[in-house]
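Subject: Handover of a structure

Dear colleague,

Please find the structure below, followed by an account of what was found in it. I would be grateful if you could read the two side by side.

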Amino acid sequence: MEQLPSSQHSPKPGSATLVTPSAAAAASSSRLGRIYSGIRRLTGIAPDNAAITSGDGWRYGAAREINRGGMGTIYRVRDLSLERDLALKAALGAVARDPAHAAAFIREARITARLEHPNIVPVHDFGQTPDGAWYYTMKLVDGEPMTRILSRLLAGNIETAQKFDSYQRLLIFHKVCSAIAFAHAHGVIHRDIKPENIMVGAFGEVLLMDWGLAKRVDGNAEAELAMVEGREPPEAPLATYAGFIKGTPSYMSPEQAQGRNSEVDRQTDIFLLGATLYHFMTLHPPYSANTAVEVVEKAAVADLTPPAQCNPHEQIPDEICRIILRAMAPDKAARYPDVPELIADIDQFLAGRTPGVRRIFRAGELLMHEGELGDEGYLILSGRVEVSRTTPEGFLRLGIVGPGEIVGEMAALTAEARSADVTALEDTEAEVISAAAIQAEMRKISPWMGKLVGSLTVRLRQANEKMHPLLFSDCIMQVARQVRLILPSGMSTELDVLVAEIARSLALPYDRVASAIDRLVDAQILQRQPDNAISIRDQSRLLMMARWKVHPL
Amino acid sequence: MQPMSAEPTTFACRQCGNCCRWPGEVRVSPEEIRAAAGRLGLTEEAFIARHTQVTRDRQGLTLVEDAGGACRFLTPENRCAIQSAKPRQCREFPHQWRAPEHEHLCAGLREPHSGKEPA
């Protein structure tokens, strides 16, 4: 059957259409169709706009261009046999005419197809269009590239900020790492990891796209790809040409930016993952300048603004900054040795098990002092510490805590003054939990859980204040309330009997109750007869104290 | 709840000291603090500072324990250093209060008393 170009006019991006077999049949005898057939016979390849055509056994219909890149054009097409929409990438025009590019396209298709992983776009079909153009079809991701999400975040879009908070972005990054770890295990490096190549689906799917620069490297897993080996055209001459820069300048590793292609390996992907995480967290690509040449110059020497300084507003946790900078170390040997190790650090961070700062306190040393502003708590790893307060009545021990327990977390949570002294009873090792780390953890949990923790903190702090009056200086309010309960208005009772009963009720020493009664007599709230009988003198003030807790003195 | 092997009436202390080694609060009233402080020749304030801490419910004081949960007043001979002034909570065990798990730790509760007090 005669094939027909998809469009008879010069196509603009987004204008390519696909002609269904029936439509193609109707037009098969057209003059233009014969002209294109002639071109194909002469050149062996399809003309630029002979994109996706119909033909015998051709199963895709209704194409709409989605994206156009160096390696090919991506269309949204209809799989006519399975009645589903797919993405079809085709090497057209200049790409198809250059044997090196065509070979690279075939390699991309085969590499992508071999990497069956939940976070790598699945390839369904590969071959040549009826026009002879190489194509492959893949899952159509109903989502958007991460770059768009990051732009909205930078613009302060509240809805996006809620949906893609730093925790969610780390989860997305984690999935990208997982895809790369899988590829590395199969001897493949991506070489162009960047937010633009990360598609995020409407239902949280994360797919690493565009394996057009992917390359196989030597490794134990090479045999995994043996099936493809041999039939696949070699990478030469395009990609192995020394000095030819491959990748995207804003994220490039120094070895890529310097054109040292033979040094591009798995460590390069680790750098690119770090650069991607940099953009995820700071909302800016690592390198930016007025011209592409300047960007490449910066990338060549890893001239990087540290992530924390790049966007202080985002309050990027120190541990994440450390992870980014280790992955993006200019020296390949200083980067993570492999992706699983990078993933392990992300896991540790997500699980809140960030390796923290440890501190040793000698016996007798003060960990924190009452009244100071608290910006960190301590997880006791070994040893014992004493929590205490010094009240007007003297030293009061609130507790002794040992390994596995936390001290000072309340002040760190509420950013308030310390409510107690904490002293090491013996040599004690503690992990420092900074207020920033606590806040970072709080941001990870759901908003209501954060409120719950905050409310519990306030209640506990209040409960700590409500200690037995024995423990604090003034118990006159409690005594006044007892007097009102025990002593009927207009009646009198013997001082000793009254004091003993109140002391029993409140579990207070007799002397302290007696002294409180004396003060109430002095304040002329109670009256003491010469025979030591006590009666109420000022009922309304006593009521004020008992009911409204108005201190009389 | 399983019945105890030994009824309190048949209980006789074997002086093993296990009951003084259980971790847990020993609440002390102001009178008990006064008595214990007097027994040790301390002021009440000094006794509170050295030997007590606030209870978990923040409503009173409890004796400070050693790291393993043992009472500080238990001597190496399994005697109480403040025997004549020991808190009511200690005095009343196991006649006034006890829990099933104590049976495993207290020989006097585990084995019925033969009727003869230990030496």
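Is A:Ile172 buried or exposed? A:Ile172 is buried, at a relative accessible area of 6%, where buried stands for under 20%, exposed for over 50% and partly exposed for the range in between (1.4 Å probe, protein chains only).

The model is predicted: local features need pLDDT of at least 70, side-chain atom pairs count only at pLDDT 80 or more, and totals for chains, interfaces and linings use all residues. Residues are numbered from 1 along each chain as its sequence is written, chains are lettered from A and ligands numbered from 1 in the order in which they are written, and side-chain values use heavy atoms, with hydrogens and water left out.

Surroundings of A:Ile172

A:Ile172 belongs to helix α7 (residues 166-185) of chain A; helices (H or I, at least four residues) and strands (E, at least two) are DSSP runs, numbered from the N terminus. Beyond its neighbours within four places in sequence, A:Ile172 is in contact with A:Met146, A:Phe164, A:Ile198, A:Val200, A:Val206 and A:Phe280, contact being heavy atoms within 4.5 Å. Between A:Ile172 and A:Glu205, which are 33 residues apart along the chain, the C-alpha separation is 8.6 Å.

A:Asn311

A:Asn311 sits in the loop between α11 (307-310) and α12 (318-327) of chain A. A polar atom of its side chain lies 2.8 Å from the backbone oxygen of A:Thr282. Leaving aside neighbours within four places in sequence, the contacts of A:Asn311 are A:Thr282, A:Leu283, A:His284 and A:Ile316.

Chain A as a whole

Chain A has 20 helices and 21 strands, and 48% of its 553 residues are buried. Of the contacts in chain A with a separation of 6 or more, 66% join residues 24 or more positions apart.

Interface of chain A and chain B

The interface brings 19 residues of chain A into contact with 19 residues of chain B. The buried area is about 1,500 Å², with 54% given by carbon and sulfur atoms; buried area is the accessible area (1.4 Å probe) that two parts lose on being put together, summed over both. The rule finds 3 residue pairs in polar contact across this interface (both at pLDDT 80 or more). A polar contact is a pair of N or O atoms within 3.5 Å; within protein, one must be able to donate a hydrogen and the other to accept it, and residues adjacent in sequence count only if both atoms are side-chain atoms. On the side of chain A that touches chain B, β15 (394-401) and α16 (447-465) of chain A each supply at least two residues. β15(A) gives the most, with 6 residues.

From chain B, helix α2 (residues 44-51) has B:Phe47, B:Ile48, B:Ala49 and B:His51 buried. These buried residues of α2(B) pack against β15 of chain A, and also against α1 (30-40), β2 (52-54) and β3 (61-63) of chain B.

Confidence

The mean pLDDT of chain A is 79, and 79% of the residues score at least 70; pLDDT is the predictor's confidence in each residue, from 0 to 100. Over residues 1-51 of chain A the pLDDT stays under 50, and the model has 82 contacts beyond four places in sequence for them.

Yours sincerely
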